[in-house]
Amino acid sequence: IAVTDGISKVFVASATEQAFIDAGAARTTVAGVTYYIASRQVSVNLQTFVVAGYNSAGTQVAILGNRTANVLSGGAVVADTKGVGIISSPEGRLYGVFELVASGTDSIAYELAQQTPSPTPGWQARLINGSTATISAVLELQPGTLKILGLSYFQARLSSNQQVNTVRAQGIDIVSKDVLFSGLSSFAPLDENLQNFDSELLAGIPNGSHFGYRVRLLPDLSDVVSVEVLDRELLNAPPVDLNRTSTTQKIIRALGEQAP
């Protein structure tokens, strides 16, 4: 599984199909419509994601994001968001992966709530409070309309003060209908029970190191199948109990194992 599948962290000058093509934006096609994802630098203080779909005639059929102000009509201030990857499953399901600045307010949730009354609650459905950090999110999008069907965040939580910490998106893949998110995490990523990974698993990693973090989710993003920490620095860590499972048999894999 290539960790960079579906990822293209680029900026576009406008939300036109040619602008996406010229920038080399990530794309995928579902039912004859090609969907692109990228980011726009709207102003010095504002970056926004943009997802758009175009039919074979080059006509735009749907668009999501592409906001022009960082204050919504209700007065909520929305932080920067970036569109970084998009992928579709053989069954025609569509997913986008995003990065956003999390600062204790539901930045991307504020924006998406304007367009989505009740998406499926995701595995990580809420932001962790605390200091500013860049985290990731995966959305399931409705082909044809780009309505948000589901949302899950990917974030870390500092053991010392329980504040949010960084998870950057590196890839998105489909594995046997499940969604596989690949990222780079700072201390300390969350396990399948939304708790910090056991300290012995992370022992020996220098402070400030970023390491691989891979999460496999059900197709509707509502729950997790497995969570992995992946980094060669973990070779020096104490042994890990590979048999650790929850009551639903969600397995935490250690370094080097491949997702089935």
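The entries below run from the whole chain down to single residues.

**Ground rules**

I am working on a predicted model, in which local features need pLDDT of at least 70, side-chain atom pairs count only at pLDDT 80 or more, and totals for chains, interfaces and linings use all residues. Residues are numbered from 1 along each chain as its sequence is written, and side-chain values use heavy atoms, with hydrogens and water left out.

**Whole chain**

I looked up the secondary structure and found 3 helices and 16 strands. Helices (H or I, at least four residues) and strands (E, at least two) are DSSP runs, numbered from the N terminus. Of the 260 residues in the protein chain, 50% are buried. Buried means under 20% relative accessible area, exposed means over 50%, and partly exposed lies in between (1.4 Å probe, protein chains only). I then checked contacts, meaning heavy atoms within 4.5 Å. Among those between residues at least 6 apart in sequence, 62% join residues at least 24 apart.

**Positive phi**

Most residues other than glycine have a negative phi. I noted two residues with positive values. Ala-31 has a phi near 50 degrees. Ala-31 sits in the loop between β1 (26-30) and β2 (33-43), and is exposed at 77% relative accessibility. Leu-146 has a phi of about 60 degrees. Its place is the loop between β8 (133-141) and β9 (148-154). Leu-146 is buried, at 1% relative accessibility.

**Cores**

What does Leu-146 touch, leaving aside its neighbours within four places in sequence? I found contacts with Tyr-35, Val-51, Ala-52, Gly-53, Ala-62, Ile-63, Leu-64, Leu-94 and Leu-141. Next I looked up nonpolar cores, which are sets of buried Ala, Val, Leu, Ile, Met, Phe, Trp, Tyr and Cys residues joined through side-chain atoms within 4.5 Å. The largest nonpolar core has 45 residues, and Leu-146 is among the members that touch the most others, as are Val-51, Trp-123, Val-138, Leu-141, Phe-154 and Val-215. β8 gives the most to this core, with 6 residues. Apart from it I found another core of 11 residues, including Val-10, Ala-19, Tyr-36 and Ala-52.

**Charged pairs**

Side chains of opposite charge can pair when their charged atoms come close. I searched the whole structure and got 4 salt bridges. The criterion is a side-chain nitrogen of Lys or Arg within 4 Å of a carboxyl oxygen of Asp or Glu.

I looked at Glu-140 and Arg-93, whose closest N and O atoms are 2.8 Å apart. Glu-140 is in strand β8 and Arg-93 in the loop between β5 (81-88) and β6 (94-102), so the pair ties together parts 47 residues apart in sequence. Glu-140 is buried at 6%, whereas Arg-93 is partly exposed at 30%.

Arg-168 and Glu-99 also form a salt bridge, at 3.8 Å, N to O. Arg-168 lies in strand β12 (residues 167-175) and Glu-99 in strand β6, so this pair ties together parts 69 residues apart in sequence. Arg-168 is partly exposed at 36%, and Glu-99 is buried at 4%.

For Arg-214 and Glu-228, I noted 2.7 Å between the closest N and O atoms. Arg-214 is in strand β14 and Glu-228 in strand β15 (residues 224-230), so the pair ties together parts 14 residues apart in sequence. Arg-214 is buried at 6%, and Glu-228 is buried at 1%.

**Arg-216**

Is Arg-216 buried or exposed? Arg-216 is buried, at 7% relative accessible area. This residue lies in strand β14 (residues 211-217). Its side chain makes a polar contact with the side chain of Asp-178, at 2.8 Å. A polar contact is a pair of N or O atoms within 3.5 Å; within protein, one must be able to donate a hydrogen and the other to accept it, and residues adjacent in sequence count only if both atoms are side-chain atoms.
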